[in-house]
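My notes follow the display.

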Amino acid sequence: MKVLLTGATGYIGSAVTEHLAAAGHQVVALTRGAEPQPGRTWYAQRVGDTADPASLADAVTPEIEAVIHLAPPSGDEDVDTAVIEALAAPLRGTGRPFVYTSGVWVLGATGDAQEVGEEAPTDPIGIVGYRPRIEQRVLAEVAEGVRAVVVRPGIVYGRGGGIPAILVDRARGRGVPEYYGEEGVRWPTVHVDDLAELFVAAVARAEAGTVWHGVGEAAVPVRDLARAAGRAAGVLAVPLAVPVEQAAEVFGPLFADALALDQSVSGAAARTVLGWRPERPGAVEELVSGSYRPVEVFGAPDSPEADAEVAAIRRLVAEVEHARQNELVDRFLSLFRRQDPVWTTGHGKRLSGFDEIAAYTQKVLPGASAESTAVYDVERVLFLRPDVAAVNVRQQPVRPDGTRIAVRPEGRPCYLLVKEDGAWRIGAAQNTLVAD
Ligand SMILES: NC(=O)c1ccc[n+]([C@@H]2O[C@H](COP(=O)([O-])OP(=O)(O)OC[C@H]3O[C@@H](n4cnc5c(N)ncnc54)[C@H](OP(=O)(O)O)[C@@H]3O)[C@@H](O)[C@H]2O)c1
């Protein structure tokens with residue numbers, strides 16, 4: 001299909017462009033400026049500005065088979081109503097899809113209700129005050145022969161962007177991770193690539209007049225997100241709860257209220273009815289060991305295949321951390337190759353062969369994490385061969401609550417990993433304590 005996409009240069013729009021193109025669609029990008037944007041998988045580019053709805057009228061030419069409207073609201077209900085009119089009118093009587101992007105904030109605080117579905121009444125917070133009326137205006141196009149659909153994304157994360165990137169920047173700038181409002185606040189979240197796949201599914205097969213929650217995880221505690229954002233920023237500290245009034249001085253009152261909004265929202269309908277499969281890592285995992293903490297990679301071309309190998313290596317190191325923090329002896333040992341591995345501790349004790357590593361682990365790991373443990377972050381990956389990698393890790397001592405133990409030295413382990421039978425394993429590892 002030829003799909004007109006507004007907001008095509010944006011955070012979500014960039015991912016939607018890629019997934020539409022991968023699914024065989026031709027993306028006609030609506031941009032504010034006419035300058036070409038090399039590297040984008042756009043079929044064509046058209047100029048228009050939602051602040052001037054008349055400028056959109058020419059963009060929806062007869063060969064446009066679908067419209068996805070991702071450009072943000074203007075803040076003026078009349079202008080946004082005129083935008084819907086301009087984009088939808090050329091589709092009338094065609095049965096072609098018009099997908100409008102709203103957001104879960106139209107639901108307001110969900111209170112005691114768990115995993116609220118699309119049938120719930122709207123109760124918008126200030127920042128999206130009139131948006132439910134725009135949703136209704138969009139859905140009214142069904143009567144005019146348009147396959148009008150609304151997608152409401154949760155808080156979007158991934159690709160190092162979105163609102164979670166604000167948490168990372170704030171933690172880095174302030175030296176302490178922070179979240180806003182009450183301790184128990186939860187956000188419905190969605191990975192930007194999973195969300196992009198929902199847009200592709202909605203264009204292909206959502207029925208006229210339907211509303212979909214683009215939510216991968218229904219209710220992620222924001223305190224956990226803040227802690228993970230701190231980790232991404234290299235700040236290992238207890239997250240600070242910032243009162244909304246104080247947050248308003250930084251973000252403005254409307255956005256501060258949105259950040260402090262507690263919601264539990266279900267994305268189950270899209271899974272069941274549209275066959276949507278949000279399978280990317282969850283928001284906390286993505287912050288701790290994904291796109292918010294880039295890794296230096298050498299010896300492999302910049303490619304999706306290399307990205308997948310680096311992700312698998314990061315998962316292995318996350319397993320090392322999990323096994324050590326939770327004193328899981330067998331799990332820890334399962335991460336080694338069986339044949340002649342070698343492990344040298346930070347204090348220079350060399351364990352030669354699987355049996356020596358197993359015996360030592362069984363002796364020292366149980367009870368080791370009662371007062372202190374460590375976090376492990378991959379910093380550099382060198383592919384010596386496609387199936388052999390030297391991995392530099394930063395190992396920081398922490399208390400069981402995740403806060404840094406300042407008086408204990410860091411470790412700088414280097415793991416030599418081998419890929420055997422499709423899985424990365426530790427072949428050799430050498431730790432070095434940082435002396436200065
Ligand atoms: N991010 C989230 O967590 C989230 C959650 C729920 C809902 N949403 C909704 O999803 C939509 C997209 O969000 P996003 O995070 O991708 O935003 P974004 O990164 O800020 O991107 C906005 C896009 O809209 C374009 N745009 C801005 N003003 C425009 C105008 N006057 N006319 C035409 N195009 C304009 C921008 O183009 P330029 O390159 O010209 O600036 C850019 O391509 C918004 O409606 C947002 O409310 C986002």
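The entries below go from the ligand to the pocket and then to the cavity.

**Basis.** I am working with a predicted model, in which local features need pLDDT of at least 70 and side-chain atom pairs count only at pLDDT 80 or more, while totals for chains, interfaces and linings use all residues. Residues are numbered from 1 along each chain as its sequence is written, and side-chain values use heavy atoms, with hydrogens and water left out.

**Polar contacts.** I then checked N and O pairs within 3.5 Å. A ligand oxygen lies 2.9 Å from a backbone N or O atom of Gly-10, and a ligand nitrogen lies 2.9 Å from a backbone N or O atom of Thr-50. From the side chain of Arg-131, an N or O atom is 2.9 Å from an oxygen of the ligand.

Where does the ligand sit? I find it in the largest pocket, the criterion being that more than half of its atoms lie within 2 Å of the grid points. A pocket here is an open set on a 1 Å grid over the protein atoms alone, with protein on both sides within 12 Å along at least five of seven lines, whereas a cavity is a set of points where a 1.4 Å probe fits but cannot get out; lining residues have an atom within 4 Å of a point. The largest pocket holds about 1,100 Å³ of space, and of its 43 lining residues Leu-70, Ala-71, Pro-72, Pro-73 and Arg-131 are the closest to its centre. Helix 1 gives the most to this lining, with three residues.

**Cavity.** I recorded one cavity of 30 Å³ or more, and the largest cavity has a volume of about 70 Å³. Its lining includes Thr-50, Ala-71, Pro-72, Pro-73 and Arg-131, and helix 2 (77-88) and helix 3 (131-139) each give two or more residues to it. The lining divides into seven nonpolar, two polar and two charged residues.

Terms used:
Polar contact = N/O pair within 3.5 Å; in protein donor to acceptor, adjacent residues only side chain to side chain. Points joined across faces, edges and corners; volume = space filled by probe spheres on them. Helix = DSSP H or I, 4+ residues; strand = E, 2+ residues; numbered from the N terminus. Nonpolar A, V, L, I, M, F, W, Y, C, P; charged D, E, K, R; others polar.
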